[in-house]
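Take a moment with the model below.

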Amino acid sequence: MKDWFNGLEQREQRLVSLMFATVLVAIVYFLLINPLQARLDKAEKGVVREQKLLAWVEANAAKLVQLRAKSGVTSSASGPLDQLINRSARKHNLIINRLQPQNNKMQVMIDKAPFNQILQWVQSLQLEYGLSIEIADFRQDNQPGYVKTRIVVSP
């Protein structure tokens, strides 16, 4: 390769060197700089999107606190959390398969129940008793309209 290059005239050597430098710059740009710039742009857009989401959450969190204060949703829970959950489930004709305490929370498992009935019960826990549902996991059962449910309830 060196012999071939040295065999060229000086003008041709300059042209080949310039072409080599141009190709090298293009390779560096298209393989390194351009992909990095695209990732940087994507990351900046993601940051802006997350900042907007954070602002929305902060604004609406204050509204939620105000609405809760205005609506007077307070805990009408009387007695231990497990008894309250059992009483409420019986009231909605639900059979709880397992109650498991987790610190000051309670994990509730229901193997098979109509989805709409579960939703009414969860709404009752929140609105009537002032309890919070921290985790709700619903899995479809073989029978249409029925679900296996796991929720974590806190006072």
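Is D141 buried or exposed? D141 is buried, because its relative accessibility is 11%. Buried means under 20% relative accessible area, exposed means over 50%, and partly exposed lies in between (1.4 Å probe, protein chains only).

A word on the ground rules. This is a predicted model, in which local features need pLDDT of at least 70 and side-chain atom pairs count only at pLDDT 80 or more, while totals for chains, interfaces and linings use all residues. Residues are numbered from 1 along each chain as its sequence is written, and side-chain values use heavy atoms, with hydrogens and water left out.

Back to D141. This residue lies in the loop between β3 (132–140) and β4. Helices (H or I, at least four residues) and strands (E, at least two) are DSSP runs, numbered from the N terminus. Which residues does D141 contact, leaving aside its neighbours within four places in sequence? They are D111, K112, Y146, V147 and K148. Contact means heavy atoms within 4.5 Å.

Two of those residues meet again. The charged end of K112 sits over the ring of Y146, 5.7 Å from the ring's centre. To count, NZ of Lys or CZ of Arg must be within 6 Å of the ring centre and within 35 degrees of the ring normal.

Now follow the strands. β1 (residues 98–102) pairs with β2 (residues 105–114) in the antiparallel sense, over five bridges. Two strands pair if DSSP finds at least two bridges between them. β1 and β2 form a hairpin, with two residues between them. In the turn, N103 has a positive phi of about 55°. On to β4 (residues 146–154): β2 and β4 run antiparallel and are joined by seven bridges. Here M109 stands opposite R150.

Last, the rings. A pair of aromatic rings is described by the distance of the centres and the angle of the planes. Rings of Phe, Tyr and Trp (its six-membered ring) pair if their centres lie within 6.5 Å; planes under 30 degrees apart are stacked, over 60 edge-to-face, and the rest tilted. The count comes to two aromatic pairs. Y29 and F30 are edge-to-face, 5.0 Å centre to centre with 80° between the planes. F30 is exposed because its relative accessible area is 53%. F115 and F138 are also edge-to-face, at 5.4 Å and 85°. That pair links distant parts of the chain: F115 is in helix α4 (residues 115–127) and F138 in strand β3, 23 residues apart.
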